[in-house]
Amino acid sequence: MSSRRPITEQERADLVAYLDGELSGEEARAIEAKISLDPRVRAEAESLKKTWDLLDFLPKTEPSPSFTERTLSRVDPLAAPAEPAGEEGQAEVGRWLVLAGAWGLGLVVSAVAGYAMMRAMLPRVAGERELVRDLRLIENKRYYDQVDDFEFLEKLDHPDLFGDDTVP
Amino acid sequence: MTGTGETSAQLALRDPDVRIMLRVRDDEPGAFEELVSRFQHRLVGVMNHLLGNADEAEDLAQEVFLRVYRSRKRYRPRSKFSTWLFTIANNLALNALRSRQRKPVVPLRANESGPLGPRPQEQMVHDPRTGPMQKVQKLELSEQVRGALDGLNERQRVAVILNKFEDMGYAEIAEVMGLTTKAVKSLLSRARENLRAALTGYIHMDSGAVEVPPEDDE
């Protein structure tokens, strides 16, 4: 069974894909059927395959023996200034900044707490201004020591108890 | 995600080349040298097929490795390492081919091999194992195939080289070239048709006249 119409571009693409092993099982079987039934398709497939095989005549090239050495020597100067690490590098910098910030904050909090503790723990020495303010209290301390509570003091202050020695 | 629940990154980590590249990324001593040694033959070979000039191929292959090294800290394994490597190679080769179109290069004659020693074509001529007629035919065929390849447009040439010499499937070529798989299928079909047109006289040569070179194992 042979058709006279020329092979279309799509048919050729399928034929090439078949030769390259890129078709699914079903597609490949369809192409195989065409090849076995149509001599023109068979000839087309054969010439495409031979064309491909001719590429084996291209000269093969091997790198020169010093290739690795020369490549590495060009890399050495690059070793120090490696390119920034992009998103990961930025994230790394961010992590360092957060860490440094946390350390700084910790130091400030520790200093403030330490100062407050020192103030609380050290014995307090009264200043001169406080002594002047409480002078009367200090002078009468020995009397106040005899008193149990403020209620008793207020009663002592009552006019009926001691009264005013007023002159008629 | 794949059917087994693995991500593409997990799959990539199974690629031994990816693991070497991760060691390069971590600045492990000797890792980059290992990478260069492992890929230099393939890369220089592909570049030479693309450009048709051994010196230029080495320079560009070296540039590919330098770019890999420079961008090592940004490397994220998402596919096979070779796919990433040949994507860089493809970009550099296309730039070189386009710049060459603007500044035509005068090819060296066969006896001007330079510091890299005799080219394979020269070696073929002096190979005592084959007869003089076969040598001439082989050399002529080699030059014709080179000419046919040079006659393809840049993208067709890249697709052909990756498919033929790197054994890449359409999907991988599509990834390297930034195309769809369908576009690669069409590209390769047209490339093969163009090659056939350029090599018509050689396709039907007596297959015994010129022995097809053995496949390179590498």
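Buried area is the accessible area (1.4 Å probe) that two parts lose on being put together, summed over both. Select chains A and B: about 5,000 Å² is buried between them, and 62% of that lies on carbon and sulfur atoms.

This is a predicted model, in which local features need pLDDT of at least 70 and side-chain atom pairs count only at pLDDT 80 or more, while totals for chains, interfaces and linings use all residues. Residues are numbered from 1 along each chain as its sequence is written, chains are lettered from A and ligands numbered from 1 in the order in which they are written, and side-chain values use heavy atoms, with hydrogens and water left out.

**The A/B interface**

Stay with both chains and show contacts (heavy atoms within 4.5 Å). On this criterion 43 residues of chain A meet 57 residues of chain B. Eight salt bridges (a side-chain nitrogen of Lys or Arg within 4 Å of a carboxyl oxygen of Asp or Glu) run between chain A and chain B. For one of them, select B:Lys164 and A:Asp56, where the closest N and O atoms are 3.2 Å apart.

H1 (9-19), H3 (39-54) and H4 (67-75) of chain A each supply at least two residues of the side that touches chain B. H3(A) gives the most to that side, with nine residues.

**B:Leu152**

Move to the loop between H7 (132-150) and H8 (154-165) of chain B and select B:Leu152. Beyond its neighbours within four places in sequence, B:Leu152 contacts B:Arg157, B:Val160, B:Ala191, B:Asn194 and B:Leu195.

**Two aspartates with positive phi**

B:Asp27 is not a glycine, yet has a positive phi of about 60°. B:Asp27 lies in the loop between H2 (16-25) and H3 (31-51) of chain B and is partly exposed at 39%. B:Asp167, also not a glycine, has a positive phi of about 60°. Its loop joins H8 and H9 of chain B, and B:Asp167 is exposed at 69%.

**Helix H9 of chain B**

Finish with residues 170-177, helix H9 of chain B, where six of the eight residues are buried. These are B:Tyr170, B:Glu172, B:Ile173, B:Ala174, B:Val176 and B:Met177. Just after H9(B), select B:Gly178, with a positive phi of about 70°.

Methods: Buried < 20%, exposed > 50% of the residue type's maximum accessible area, 1.4 Å probe, protein only. Helix = DSSP H or I, 4+ residues; strand = E, 2+ residues; numbered from the N terminus.
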